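Colleague: Hi, could we go through this model together? I'd like to talk about helix packing and then the sheet.

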Amino acid sequence: MLHPTFATPDLTTFCRLDELGLVAVGQLLDPGRATIECRVVDDDPWCRKCGAEGAPRDTVTRRLAHEPFGHRPTTLLVRVRRYRCAHCRRTWRQDASKAATPRTKISRGGLEWALRGIVVDHLTVSRVAAGLGVSWSAANAAVLAEGKRRLIDDPTRFDGVTTIGVDEHVWRHTRLGDKYVTVIIDLTPAREKTGPARLLDMVEGRSKAVFKQWLAGRPKEWSKRIEVVAMDGFAGFKTAAAEELPDAVPVMDPFHVVRLAGDALDVCRRRVQQDTTGHRGLKGDPLYDLLSRHRSRLTHRGAEPLDQHALGLDLRATRVGDVALCVVMEDVTNREGVDSTGYGCAGSVGAGAVGAWCCR
Ligand SMILES: [Zn+2]
């Protein structure tokens, strides 16, 4: 800070109450909780029914959980003025919708903090609930509603999508309910190298029907713009894509190509081990640590871990498919943009590379 400009300490701006249309008028600090007394800034004296000016009648208080400051749950005690119309005798409360939606117990600032905590900082719902000073179920319901409002109901989230990826994910690690969800990813930014892939949707279950139903629910104009669908080797996803998106090219995404090729290479390694030594890998055997080496050190030359002389093997003597497999491994792992999610360069893996190991 070369030219710092300090302002007078101000609880309203520090707690970002100005963004909620509130002003802080008092504070009550306990070791485990802070309470800030606030008033709604904007007057709201005009009768919504007849338009006459109402007279202030009394105030009611509303408690709102706000974002915590310094690991201390912060509660807003909002004094809301009530008016009464002298003309039509109607009563109403000051509009506090900028601070929180009606009948909720968490401020908009608190909701944003909770949603950001879950989505960006990967906090648990318990931690978010403790931060807000509310129950687990209240925090969970609020985060789900806010996430739906800001992320799922966003009308622009399907715009500009030309490449999608689909995969299954183990969602529930218990015996209760459906274990899997089908995850649909927008791979367009990764393909065009404009940014990371982003989550489009998650649907309960994993089957052809689930993906087909999701695709059928999209507008026709949107479906026509899809050029590539990346997926794992599950035939159901492929058939669903072929039926709903006949013009799109189905491809296997790099993550699954690398994994399947890696698994096949491992089978090959074990077989060669048995063929050459007659027993499973022991320390000192040339192929003993090939698995770890091909995963961590396969370079763009691809030859180093498979150096025949170092391994004491003659790879020419192995089956043609095994060598093709090694070529696939090198080819796929060296493509730019293969990241930890494996979705980096979906669309660029040709069917030939996949076929090379499939046909062995
Ligand atoms: Zn009135």
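Colleague: At what angle do helix α6 and helix α8 pack, and how far apart are their axes?

Modeller: Keep in mind that this is a predicted model. Helix α6 (residues 208-216) packs against helix α8 (residues 235-244) at an angle of about 25 degrees, and their axes are 8 Å apart.

Colleague: What does that make α6 and α8 relative to each other?

Modeller: Angles under 35 degrees count as roughly parallel, so α6 and α8 are roughly parallel to each other.

Colleague: Is the crossing left-handed or right-handed?

Modeller: The crossing of α6 past α8 is right-handed.

Colleague: Which residues make the contact?

Modeller: On the α6 side they are K208, F211, K212, L215 and A216. From α8 come G236, F237, T239, A240, E243 and E244.

Colleague: And how many of those are nonpolar, polar or charged?

Modeller: Five residues of the contact are nonpolar, two are polar and four are charged.

Colleague: Nice, thanks. Switching to the open sheet: what is the strand order?

Modeller: The five strands are ordered β8-β7-β6-β9-β10, and the pairing is mixed.

Colleague: Which are the edge strands?

Modeller: Those are β8 (198-204) and β10 (249-252), each of which pairs on one side only.

Colleague: How much are neighbouring strands turned against each other?

Modeller: On average by 25 degrees, ignoring direction.

Colleague: How many bridges join β6 to β7?

Modeller: There are seven bridges between β6 (residues 163-170) and β7 (residues 180-186), and the two strands run antiparallel.

Colleague: What is the bridge partner of I164 in β7?

Modeller: I164 has D186 as its bridge partner there.

Methods: Residues are numbered from 1 along each chain as its sequence is written. This is a predicted model: local features need pLDDT of at least 70, side-chain atom pairs count only at pLDDT 80 or more; totals for chains, interfaces and linings use all residues. Axes are lines fitted to C-alpha atoms, for helices over the stretch in contact, and angles run from 0 to 180 degrees between N-to-C directions. Helices (H or I, at least four residues) and strands (E, at least two) are DSSP runs, numbered from the N terminus. Angles under 35 degrees count as roughly parallel, over 145 as roughly antiparallel, 65 to 115 as roughly perpendicular and the rest as oblique. A crossing is left-handed if the near helix is turned anticlockwise from the far one by less than a right angle, and right-handed if clockwise. Two residues are in contact if their C-beta atoms, placed from the backbone, lie within 7 Å. Ala, Val, Leu, Ile, Met, Phe, Trp, Tyr, Cys and Pro count as nonpolar, Asp, Glu, Lys and Arg as charged, and the others, Gly among them, as polar. Two strands pair if DSSP finds at least two bridges between them.
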